[in-house]
Structure formats: C-alpha cells, structure tokens
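Dear colleague,

Please find the structure below, followed by what was found in it.

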Amino acid sequence: MITGASSGIGKEMARALAAQKFDLILVARNENALEKLSREVMSQHAVQTRVIALDLVQDDAPKTLHAQVSDIDVGLLVASAGIDEMGPFLEKDYADLRRMIRLNVDAPTELAHLFGSNMAAQRRRGKKRTGMILVSSLFAYQGIPNFAVYAATKAYVLTLGEALTAEMKKNGVDVLTLSPGLTATPFAEGLEMNAALLPMIPQSPRRVARVGLRNLGRKMSVVSGLLNKFYAWENRLIPRSWPVHLFSFLIGNAMKSYQRSEEKAKANKARA
Ligand SMILES: NC(=O)c1ccc[n+]([C@@H]2O[C@H](COP(=O)([O-])OP(=O)(O)OC[C@H]3O[C@@H](n4cnc5c(N)ncnc54)[C@H](OP(=O)(O)O)[C@@H]3O)[C@@H](O)[C@H]2O)c1
C-alpha cells in the first residue's frame with residue numbers, strides 16, 4: 001500500500017514495486033492519476049491493484065483506509081503522501097499548518113499503528129517479513145527557517161521511524177525511514193524559492209524510490225544522495241545552531257531571488 005501514489009516518489013515506488021510483482025493499493029486524492037497509474041502497472045507487469053481516492057487530512061481517514069482494505073493482508077506500507085507549507089511562520093495561516101501536520105504527522109503515525117498491528121498479526125500466523133517505509137526529509141536533520149513546521153513534521157517522522165525500527169523488529173516488521181533531499185517532483189517545483197541557488201543536487205523520484213526499496217530491512221534510516229548524506233552526517237560534528245543559520249541564509253536568499261523574478265515577470269506582463 002502506497003500513500004501519495006498519484007505523483008512523485010510514491011508513484012515511482014509503485015512502479016518499482018509492480019516491476020517486482022507486488023500487487024498494489026494506490027492511495028491519494030487524485031483518482032484519475034491513480035487510475036492511470038493502475039492501468040499502466042497492470043498492463044506492464046500483470047499485477048493487481050486497488051485504487052483508493054482519499055484525502056488523508058480528513059478526520060478518521062486512516063481508519064477509513066484501514067477498513068477499506070480489511071480483506072487484504074497488507075505486507076508493505078509506503079507512507080509517502082506529504083505537503084509543505086513554506087514561508088515565515090507568523091505569516092502562515094494556522095489552518096494550513098494544521099492540515100500539513102495532519103497529513104505529515106498524524107496520518108503516517110496512525111497508519112503505522114493500524115497496519116503495524118496487522119503486520120504483527122501476520123507474523124503470528126507465520127508470515128516471515130513485512131515492512132514500512134516512512135518518507136521523511138533531509139530537512140528533518142535540523143531546524144529550517146521558513147520551513148519551520150514542515151521540517152519539524154519530518155523530524156517527527158524520522159524519530160518515530162527510528163524507534164519503530166527497533167521496536168517492531170520482534171514483530172518481523174522492517175521499518176525504514178527514507179529522507180530524500182531535493183527531488184524533482186511537483187512538490188519541489190511548487191516551492192516558492194529559486195531552488196537552483198541551493199547547494200543541492202536534485203535527484204529523480206525514481207532514484208529516491210530505489211534507494212528506499214533497496215535499504216528496507218537493511219538500515220534504520222537512509223538519506224538519499226551522497227551530498228545529502230554528507231549534510232546529514234556533518235550536522236553531528238558541529239553545533240546544532242550552525243546548520244540552522246546556514247539554511248536561514250540559503251533559503252532566505254533563494255526566496256528573495258524567486259520573489260524578484262516573480263515581480264519581474266508581473267511587470268513584463270503588465271507592459272505587454
Ligand atoms: N520533492 C522533494 O524535494 C522532497 C524532499 C524531501 C522530502 N520529500 C517528501 O517526499 C514525500 C513525497 O513527496 P513528492 O516529492 O513525491 O511530492 P508530490 O509529487 O507532490 O507527491 C505528493 C503526494 O502526496 C499526495 N497527497 C497530498 N496531499 C494529500 C492528501 N491530503 N491526502 C492524500 N494524499 C495527499 C499527493 O496526491 P494527491 O494530490 O493526488 O492527493 C501526491 O501523490 C513527501 O512526504 C515529501 O515531504 C520530498
């Protein structure tokens with residue numbers, strides 16, 4: 001079962017898993033995109049799929065999802081659905097931040113709880129291995145000004161995932177937390193900053209999905225990409241405040257550059 005399967009990393013996870021002959025439950029809001037993906041993987045890999053169009057921000061959405069697949073022993077959960085709300089903390093509408101917290105924090109936590117219990121039961125019935133991949137972010141590794149709440153949601157996922165890896169080992173559940181850096185998906189394209197100014201090398205969602213699947217059952221958590229790994233690692237050697245200040249400068253700069261080009265485009269449009 002993959003949440004966020006209609007796009008980006010979740011979609012590539014679905015393609016990679018279908019290529020390995022996994023039957024899929026595809027979850028996101030955009031039903032058309034899910035149906036299209038479903039037709040693609042069914043025709044290319046002869047797997048079975050179930051499409052579930054669901055807004056995971058809604059009250060009780062994880063329970064609804066759990067009920068909708070009660071006839072299936074879900075052996076692998078990939079929790080990829082996520083959004084960001086960037087911008088100065090005090091300028092954000094709190095309702096938007098709350099929606100993000102529900103999607104990025106509440107939903108994966110409840111899904112891990114509901115499906116983790118099923119997975120433990122599968123183990124008791126003799127199934128050897130089940131697994132979960134929780135998608136966090138490189139931004140989880142330090143506070144990120146202008147992404148304060150987003151980065152905090154991802155730090156939560158990282159900490160949750162690490163603990164669950166150790167806790168659920170006895171239940172035969174492999175838990176991996178996958179932390180992508182900048183990845184070329186609609187998520188990154190929608191950021192209101194000039195990401196080209198950041199000292200980061202964007203990865204393809206296909207590559208990130210592969211890194212996740214390859215490391216499931218091998219590691220507790222993985223940062224995708226060599227440079228991203230370096231950023232996460234060097235944080236451990238320097239005072240916690242340093243990377244926060246560095247990101248404050250880098251992101252502030254990238255946001256100003258974006259705002260300047262938006263203003264220029266507006267002015268050009270008005271002149272035309
Ligand atoms: N791209 C990056 O640079 C980057 C970096 C670090 C971490 N990440 C993390 O990677 C994960 C996947 O992001 P992505 O880059 O693949 O972005 P994406 O292409 O925008 O995909 C996000 C997915 O989440 C789903 N989603 C959004 N709101 C939802 C809701 N309310 N209910 C159910 N599903 C919802 C979207 O589907 P619908 O719109 O159809 O609902 C879509 O399938 C996220 O958790 C993100 O935080 C991304």
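To which residue does the polar backbone atom 2.8 Å from an oxygen atom of the ligand belong? That atom belongs to Thr183, and a polar contact here is a pair of N or O atoms within 3.5 Å. This is a predicted model, in which local features need pLDDT of at least 70, side-chain atom pairs count only at pLDDT 80 or more, and totals for chains, interfaces and linings use all residues. Residues are numbered from 1 along each chain as its sequence is written, and side-chain values use heavy atoms, with hydrogens and water left out.

A polar backbone atom of Gly4 lies 3.0 Å from an oxygen atom of the ligand, while a polar side-chain atom of Asp55 is 2.7 Å from a ligand nitrogen atom. Taken alone, the ligand exposes 870 Å², of which the protein buries 93% (accessible areas by the Shrake-Rupley method with a 1.4 Å probe; for residues, only the protein chains shown count as cover). Around the ligand there are 31 residues, of which Ser7, Arg29, Asp55, Tyr150 and Thr185 come nearest (a residue is near if one of its heavy atoms lies within 4 Å).

Best regards

How values were computed:
Polar contact = N/O pair within 3.5 Å; in protein donor to acceptor, adjacent residues only side chain to side chain.
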